[in-house]
Amino acid sequence: MQYIFYTLAFFAILCALFVVFEKNPVHSVLYLILTFFSIAGIYVLLNAQFLFIVQLIVYSGAIMVLFLFVLMLLNLNKDTEPQKSVIFKTAGAIAAGSFLLVLVAVLKDTQQSTELSAMTDIGLVKQLGKTLFTKFVVPFEVASILFLAAMVGSVLLGKKELY
Amino acid sequence: MTLALIAKIILVVAIFVLTLAVAAYSTYLERKVAAFLQDRLGPDRAGPWGLLQPLADGVKMFTKEEFIPAASEKFLFILGPGLFILTALMTSAVIPWGPALVIAGEVIALQVADIDIGVLYVLGVVSVGVYGIMIGGWASNNKYSLLGAVRASSQMISYELAMGISVITIVMITGSLSLNEIVGQQAQGTWNVLKQPLGFLIFLVCAFAETNRAPFDLPECETELVGGYHTEYSSMKLGLFLFAEYMNMFISSAMIATLYFGGWHFPYMDKLGLGPNTLAFLGFTVFFLKIVFFIFFYMWVRWTLPRFRYDQLMHLGWKVLIPLALLNMLATGAFSLLF
């Protein structure tokens with residue numbers, strides 16, 4: 001079990017690195033899809049079936065297809081990609097570095113939960129649904145209103161030229 | 001334990017062979033149905049009634065010249081058809097092919113994996129299935145291929161929504177996401193098509209769009225895109241693309257039969273007083289007949305309806321099917337609350 005986790009984690013990190021270092025944007029997106037697949041595999045190890053399948057449907061299946069869609073239509077390649085100036089590169093490095101710092105600071109003190117193994121059925125649909133609709137019903141509904149607002153906003157933006 | 005494991009391996013291989021055989025003979029059936037509908041004879045040279053035609057086609061595909069365009073992305077160009085056929089085969093893992101067998105006192109389910117989230121798994125594989133077309137179409141470095149790939153992906157994303165919503169109503173009346181449970185409840189009560197006629201219609205239309213079959217075959221659309229995403233493909237790579245379409249037809253027919261027509265169930269099944277193994281055999285045969293009927297239905301529609309225009313396709317998907325599916329879901333919810 002542990003070896004499967006290490007393999008998946010290694011693969012996820014490797015693909016994530018390729019996302020950054022790959023020059024061709026379409027290849028980057030394909031590596032990002034592979035990263036999402038490896039993360040989905042880790043969810044299976046935790047017996048979180050619902051998270052696994054939602055990761056596949058939402059991230060790999062819908063969002064990444066739209067990314068690919070746009071990139072393929074834009075027809076970007078390494079010749080036409082504009083070179084960023086040094087200031088932008090430094091700013092990006094500083095921003096990413098501080099984000100890493102925050103992440104490490106947050107994760108440093110969390111307890112390592114070794115309890116999470118395939119034996120728990122916390123991630124099954126039944127338990128997840130019960131928790132979402134009893135304990136967390138208000139945040140859940142608020143999140144759905146947020147989605148509705150985003151949908152209305154995008155429809156409005158799409159219709160802009162009519163007015 | 002070992003018996004169960006061996007049985008599972010045999011089942012996996014059997015389903016794989018069955019899918020390939022059905023897909024091969026679907027190509028024959030397609031030509032025969034087309035010939036029948038157009039008052040022709042169809043293929044009749046290879047073997048009796050042309051029954052060896054799929055074999056001849058296979059040999060032709062394999063022996064043709066293999067060509068990879070110089071300006072293409074070679075690795076992705078080869079990966080495209082492979083991915084497409086992989087995702088076409090993956091769905092069959094969760095379909096219950098018949099009632100359980102009993103061998104040497106052990107119950108063996110005729111289903112590769114009875115997972116808790118069967119319905120979602122099918123939707124997930126369908127949504128990943130578009131990558132084969134997209135990668136192949138983009139890697140060809142041809143504008144017709146790219147247009148076909150973009151059409152395929154936007155069409156599949158659009159119709160996935162209505163399909164998902166119509167499947168949710170099935171989950172609502174069954175109370176489970178497991179396909180085995182969905183079939184089991186239909187065997188106890190009535191078939192879902194009687195409870196969800198509108199949902200069935202929406203699912204059927206979406207299944208046509210998801211498999212890129214006529215009247216929604218815009219991604220390949222010979223008259224506009226000269227073959228769409230597989231313009232640059234030749235030899236068996238083209239064969240795999242075409243073959244995967246027939247596999248998708250087989251699997252989606254199996255899904256329609258499972259979700260709405262009781263899977264392996266037939267009326268008065270439990271009143272016959274037969275042993276479990278005979279019942280399993282009969283159940284599988286009935287399920288297979290249902291699948292063959294839906295494959296025939298796909299072909300019937302292909303040779304009857306003309307192709308949609310692209311804006312009509314989008315209009316139908318977003319402005320007709322999704323609101324209808326939402327209304328259907330609302331009505332189902334209200335109905336199950338009140339009664």
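Helices here are DSSP runs of H or I, at least four residues long, numbered from the N terminus. The model is predicted.

**Stop 1: chain A**

Select chain A. Its secondary structure comes to six helices and zero strands. Of its 163 residues, 23% count as buried. The accessible surface is about 12,300 Å², with 75% of that belonging to carbon and sulfur atoms. Among contacts in chain A with a separation of 6 or more, 59% join residues 24 or more positions apart.

Now colour chain A by domain. The assignment gives domain 1 (1–80) and domain 2 (125–163). Their C-alpha centres lie 24 Å apart.

**Stop 2: the largest pocket**

Select A:Phe50, A:Val54, A:Val58, B:Ile165 and B:Ile168. Of the 47 lining residues, these lie nearest the centre of the pocket. The space here is about 2,900 Å³.

From chain A, helix 3 (49–74), helix 5 (125–134) and helix 6 (137–158) each supply at least two lining residues. So do helix 4, helix 6 and helix 13 (310–338) of chain B. Helix 6 of chain B gives the most, with 11 residues. Colour the lining by class: 35 residues are nonpolar, eight polar and four charged.

**Stop 3: the second largest pocket**

Move to B:Thr27, B:Met61, B:Leu242, B:Phe243 and B:Tyr246. They lie nearest the centre of the second largest pocket, which is lined by 40 residues. Helix 1 (2–37), helix 2 (53–63), helix 3 and helix 11 of chain B each give two or more of the lining residues. Helix 11 gives the most, with nine. This pocket holds about 900 Å³. Its lining divides into 23 nonpolar, six polar and 11 charged residues.

**Stop 4: the cavities**

How many cavities of 30 Å³ or more are there? The count comes to two.

For the largest, select B:Thr91, B:Val126, B:Glu210, B:Asn248 and B:Ser252, which lie nearest its centre among 23 lining residues. About 330 Å³ of space lies inside. Helix 3 (74–90), helix 4 (118–128), helix 6 (143–174), helix 9 (197–210) and helix 11 (235–260) of chain B each supply at least two lining residues. By class, 16 are nonpolar, six polar and one charged.

Last, find the second largest cavity, with a volume of about 30 Å³. Select its lining: B:Phe84, B:Met156, B:Glu210, B:Thr211, B:Asn212, B:Tyr229, B:Glu245 and B:Asn248. Three are nonpolar, three polar and two charged. B:Glu210 and B:Asn248 line this cavity and also belong to the lining of the largest cavity.

Technical notes
Residues are numbered from 1 along each chain as its sequence is written. Chains are lettered from A and ligands numbered from 1 in the order in which they are written. This is a predicted model: local features need pLDDT of at least 70, side-chain atom pairs count only at pLDDT 80 or more; totals for chains, interfaces and linings use all residues. Side-chain values use heavy atoms; hydrogens and water are left out. On a 1 Å grid over the protein atoms alone, a cavity is a set of points where a 1.4 Å probe fits but cannot get out, and a pocket is an open set with protein on both sides within 12 Å along at least five of seven lines; lining residues have an atom within 4 Å of a point. Grid points are joined across faces, edges and corners, and a volume is the space filled by probe spheres set on the points. Ala, Val, Leu, Ile, Met, Phe, Trp, Tyr, Cys and Pro count as nonpolar, Asp, Glu, Lys and Arg as charged, and the others, Gly among them, as polar. Buried means under 20% relative accessible area, exposed over 50%, partly exposed in between (1.4 Å probe, protein chains only). Contact means heavy atoms within 4.5 Å. Accessible areas come from the Shrake-Rupley method with a 1.4 Å probe; for residues, only the protein chains shown count as cover. Domain bounds come from an automatic or database domain assignment.
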